[in-house]
Amino acid sequence: RSIGFLWVSAEELGLFGSQYYSENPIIPLDKTVAVINLDMVGRTRTPADTGTVTGEEIWVLGGDSIGVIEGRQSKILMKINEQTLAQMNMVGDYTYNDPDHPDMYFYRSDQINFVRHDIPALFYSTGTHRDYHQVSDSPDKIDYVKLKKVTDFTFMVGYNIANYKGEIVVDNPFSKWGEK
């Protein structure tokens, strides 16, 4: 399997970049077996990361943890995720891996426009932090050791998907869930 990289824009304005690509793909969507989405993966929990920001509970993870939001469309994709977590000595946090969670993270990032086309996705995040959507969110607050760990992990997830010896079966297609 080949791996493609897609950088989209206008996520905060309504997921317009990923919507446009999913409706006008360069590579036909039926050739896309999975999506890995990264959103807010450069921070690690600090003592200041408590309470709420922009009306939501602050949720930012420690060093070896990664938030896993998605994976419900394909047991195989979730198995690859779990195996890669173990391989990379990381811990998956599934706190927000519920489409019905009140904060609706499942619907708020770019993977959703592919999920709507029954392409299974793994969406990774280290969570919201004190500076979420604030002008105080600056590059000096990125934990580059954590960012490298997340980068290495997602590289291995992609590598393991690309080298999986069978079909990435979509056994729980979103189209059967009933749109929210």
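1. Exposed, in this note, means over 50% relative accessible area, and buried means under 20%. The model is predicted. Trp-7 has a relative accessible area of 75%, so Trp-7 is exposed. Trp-7 lies in the segment before helix H1 (16-23). Together with Ile-3 and Phe-5, Trp-7 forms a nonpolar patch on the surface. The accessible area of these residues together is about 470 Å².

2. Helix H2 covers residues 75-87. Its length checks out: at 1.5 Å a residue, the 13 residues should span 18 Å, and the end C-alpha atoms are 18 Å apart. The buried residues of H2 are Ile-76, Leu-77, Met-78, Ile-80, Asn-81, Thr-84 and Leu-85. They pack against strands S4 (65-70), S5 (91-93) and S6 (121-125), and against helix H4.

3. Two backbone angles deserve a look. Most residues other than glycine have a negative phi. Asn-89 sits in the loop between H2 and S5. At 62% relative accessibility, Asn-89 counts as exposed. Thr-54 also has a positive phi, about 45°, although it is not a glycine. Thr-54 lies in the loop between strand S2 (52-53) and strand S3 (56-57). Its relative accessible area is 44%, so Thr-54 is partly exposed.

4. Next, the charged pairs. The structure holds 6 salt bridges. In one of them, the side chains of Arg-43 and Asp-137 meet at 3.0 Å, N to O. This pair links distant parts of the chain, 94 residues apart. Arg-43 is in the loop between strand S1 (35-38) and S2, and Asp-137 is in the loop between S6 and H4. Arg-43 is buried, with a relative accessible area of 8%. Asp-137 is partly exposed, at 39% relative accessibility.

5. Asp-131 forms a salt bridge with Lys-141, with the closest N and O atoms 3.3 Å apart. Both residues lie in the loop between S6 and H4, so the pair ties together parts that are 10 residues apart in sequence. Asp-131 counts as buried, at 7% relative accessibility. Lys-141 is partly exposed, with a relative accessible area of 32%. Arg-43, Asp-131, Asp-137 and Lys-141 are linked in a network of salt bridges.

6. The side chains of Asp-152 and Lys-148 meet at 2.7 Å, N to O. Both lie in H4, 4 residues apart, about one turn of the helix. Lys-148 is exposed, with a relative accessible area of 51%. Asp-152 counts as partly exposed, at 29% relative accessibility.

7. Which side chain of opposite charge is nearest to Lys-146? The nearest is Asp-143, 6.7 Å away. A salt bridge here needs a side-chain nitrogen of Lys or Arg within 4 Å of a carboxyl oxygen of Asp or Glu. Lys-146 has no salt bridge, yet is buried. What does Lys-146 touch, not counting residues up to four places away in sequence? Its contacts are Val-41, Arg-43, Thr-44, Leu-61, Gly-62, Gly-63, Ser-65 and Thr-126. Arg-43, one of these contacts, is also the partner of Asp-137 in a salt bridge. I would look at Lys-146 and Arg-43 together in the viewer.

Conventions
Residues numbered from 1 in each chain as written. Predicted model: local features only at pLDDT ≥ 70, side-chain atom pairs only at ≥ 80, totals over all residues. Heavy atoms only, no water. Buried < 20%, exposed > 50% of the residue type's maximum accessible area, 1.4 Å probe, protein only. Lys, Arg positive; Asp, Glu negative; His and termini not counted. Contact = heavy atoms within 4.5 Å. Patch = residues over 30% accessible without salt bridge, like charges linked within 9 Å, V, L, I, M, F, W, Y side chains within 5 Å. Areas by Shrake-Rupley, 256 points an atom, 1.4 Å probe, with all protein chains shown as cover. Helix = DSSP H or I, 4+ residues; strand = E, 2+ residues; numbered from the N terminus. Expected span 1.5 Å × (residues − 1).
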